[in-house]
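Here is a protein model to read through in short questions. Each answer works from the coordinates to a value or a name.

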Amino acid sequence: MKHSGTAAICAALGLFAVAAGPLALPARAQAPVTVGGAPMLPTKNIIENAVNSKDHTTLVAAVKAAGLVETLSGTGPFTVFAPVNAAFEKLPKGTVETLLKPESKATLTSVLTYHVVAGKMSAADLMAAAKAGGPKAMLKTVQGGTLTVATVGNKVEITDAKGGKSMVTIADVNQSNGVIHVVDTVLMPK
């Protein structure tokens with residue numbers, strides 16, 4: 001008699017195999033994703049985690065200047081495409097400083113909320129939406145604009161309203177109120 005998998009191991013050890021199927025091993029707690037040198041704990045919200053990432057200091061300063069801390073600390077769920085500091089450095093010289101001025105609050109808020117989609121979409125969800133859309137998906141942002149999501153190999157690429165492209169560099173950073181996907185370029189609305 002041939003045995004396979006768990007049944008073969010049990011037979012070799014003189015144990016009875018369970019007819020219901022393979023034995024289930026206890027689930028292991030998954031280590032939190034590290035972003036900017038800090039663990040992103042799924043029990044904390046988007047803001048509580050982002051403030052600990054040394055790669056997101058510009059984003060955190062912008063969120064504070066726009067008055068969005070309370071919103072992004074809310075229940076959500078949200079999908080946030082979070083640009084790293086280097087993404088902000090790609091913008092033309094003086095752009096970040098101008099956006100952080102009190103008189104630019106409306107523009108800053110528009111740019112930041114353009115990086116947020118209502119609901120929680122994992123990288124797998126984004127890729128499935130792109131595949132179903134053959135080969136891209138359109139996502140409505142909280143700002144009211146649209147982002148285009150496509151797959152490039154096994155990565156997610158996002159195109160903004162101006163044709164700028166950003167790659168997801170760290171996907172599926174789960175939060176208590178949604179998910180963050182770290183991106184390498186700031187996305188710009190019209």
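Q: How many helices and strands does the protein chain have?
A: This is a predicted model. Its secondary structure contains both kinds of element. The count for the protein chain is 8 helices and 9 strands.

Q: What percentage of the residues in the protein chain are buried?
A: The chain has 190 residues. A residue is buried when its relative accessible area is under 20%. By that cut-off, the buried share is 39%.

Q: What share of the accessible surface belongs to carbon and sulfur atoms?
A: The accessible surface of the protein chain totals about 10,700 Å². Carbon and sulfur atoms account for 60%.

Q: Among contacts between residues at least 6 apart in sequence, what share joins residues at least 24 apart?
A: Take the protein chain's contacts between residues at least 6 apart in sequence. Those that join residues at least 24 apart make up 60%.

Q: Are helices H3 and H7 parallel, perpendicular or oblique to each other?
A: H3 spans residues 57-66 and H7 spans residues 105-113. Their axes lie 9 Å apart, at an angle of about 125°. Roughly perpendicular ends at 115 degrees, and roughly antiparallel needs over 145. The pair is therefore oblique.

Q: Is the crossing of H3 and H7 left-handed or right-handed?
A: The two helices pack with their axes 9 Å apart. As H3 passes H7, the crossing is left-handed.

Q: Which residues of H7 meet H3?
A: On the H3 side, the contact uses Leu 59, Ala 62, Val 63, Ala 65 and Ala 66. The residues of this contact divide into 7 nonpolar, 1 polar and 1 charged. The H7 side supplies Lys 105, Leu 108, Thr 109 and Leu 112.

Q: What covers the buried residues of H7?
A: The buried residues in H7 are Leu 108, Val 111, Leu 112 and Thr 113. Their cover includes H3, helix H6 (95-99) and strand E4 (116-118).

Q: Why does Asn 49 count as buried?
A: Asn 49 sits in helix H2, residues 46-50. Beyond four places in sequence, Asn 49 touches Pro 39, Met 40, Leu 41, Lys 44 and Gln 175. Asn 49 counts as buried because its relative accessibility is 0%.

Q: How far apart in space are Asn 49 and Val 173?
A: In sequence, 124 residues separate Asn 49 from Val 173. From C-alpha to C-alpha, the distance is 9.7 Å.

Q: Is Ala 50 buried or exposed?
A: Ala 50 also belongs to H2. Leaving out residues up to four places away in sequence, Ala 50 touches His 56 and Val 60. Its relative accessibility is 12%, so Ala 50 is buried.

Q: Which residue does a cis peptide bond join to Gly 76?
A: Omega at this bond is about 5°.

Q: Where is Pro 135 found?
A: A cis peptide bond joins Gly 134 to Pro 135, with omega about 0°. Pro 135 lies in the loop between helix H8 (123-133) and strand E5 (136-140).

Q: Is Asp 172 buried, partly exposed or exposed?
A: Asp 172 is in strand E8, residues 165-175. Although not a glycine, Asp 172 has a positive phi of about 60°. With 29% relative accessibility, Asp 172 counts as partly exposed.

Notes
Residues are numbered from 1 along each chain as its sequence is written. This is a predicted model: local features need pLDDT of at least 70, side-chain atom pairs count only at pLDDT 80 or more; totals for chains, interfaces and linings use all residues. Side-chain values use heavy atoms; hydrogens and water are left out. Helices (H or I, at least four residues) and strands (E, at least two) are DSSP runs, numbered from the N terminus. Buried means under 20% relative accessible area, exposed over 50%, partly exposed in between (1.4 Å probe, protein chains only). Contact means heavy atoms within 4.5 Å. Accessible areas come from the Shrake-Rupley method with a 1.4 Å probe; for residues, only the protein chains shown count as cover. Axes are lines fitted to C-alpha atoms, for helices over the stretch in contact, and angles run from 0 to 180 degrees between N-to-C directions. Angles under 35 degrees count as roughly parallel, over 145 as roughly antiparallel, 65 to 115 as roughly perpendicular and the rest as oblique. A crossing is left-handed if the near helix is turned anticlockwise from the far one by less than a right angle, and right-handed if clockwise. Ala, Val, Leu, Ile, Met, Phe, Trp, Tyr, Cys and Pro count as nonpolar, Asp, Glu, Lys and Arg as charged, and the others, Gly among them, as polar.
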